[in-house]
Amino acid sequence: MNAARWFQRREDFQPPQTPSASPFRKFDVKCLACGSYQLRLVAQMDEEAGELAVVLVCNRCPQREILPVR
């Protein structure tokens, strides 16, 4: 038996799971600033430029991430 496997925990072999409070249960989506799973998803349309963007807003800190939709 490999010595490194002897010290691994059973949790290391399980796939990562998101908390039940996360609205994105199928994905691991969390705030990179505070680590919270409480995020809002907002669609934003710029009428003048004709561009659509998706904004991820953290509920616990002022972090915002704008993702352009192409």
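A quick word on the model: it is predicted, so local features need pLDDT of at least 70 and side-chain atom pairs count only at pLDDT 80 or more, while totals for chains, interfaces and linings use all residues. Residues are numbered from 1 along each chain as its sequence is written, and side-chain values use heavy atoms, with hydrogens and water left out.

Now the sheet. Three strands make an open, antiparallel sheet in the order S1-S2-S3. Strands here are DSSP runs of E, at least two residues, numbered from the N terminus, and two of them pair if DSSP finds at least two bridges between them. Strands S1 (39–46) and S3 (64–69) are at the edges with a single partner strand each, so one side of each has no neighbour in the sheet. On average, neighbouring strands are turned by 25° against each other, direction ignored; the axes are lines fitted to C-alpha atoms.

S1 pairs with S2, residues 51–58, over eight bridges, and there Val 42 stands opposite Val 55. S2 and S3 pair over six bridges, and a hairpin of five residues joins them.

So which residues form a nonpolar patch on the surface? They are Met 45, Leu 52 and Val 69, with about 250 Å² of accessible area together. Areas come from the Shrake-Rupley method with a 1.4 Å probe. Leu 52, in strand S2, is partly exposed at 38% relative accessible area, a class lying between buried, under 20%, and exposed, over 50%.

Notes:
Helices (H or I, at least four residues) and strands (E, at least two) are DSSP runs, numbered from the N terminus. Axes are lines fitted to C-alpha atoms, for helices over the stretch in contact, and angles run from 0 to 180 degrees between N-to-C directions. Patches are made of residues with over 30% relative accessible area and no salt bridge: like charges are joined within 9 Å, nonpolar side chains (Val, Leu, Ile, Met, Phe, Trp, Tyr) within 5 Å. A salt bridge is a side-chain nitrogen of Lys or Arg within 4 Å of a carboxyl oxygen of Asp or Glu. Buried means under 20% relative accessible area, exposed over 50%, partly exposed in between (1.4 Å probe, protein chains only).
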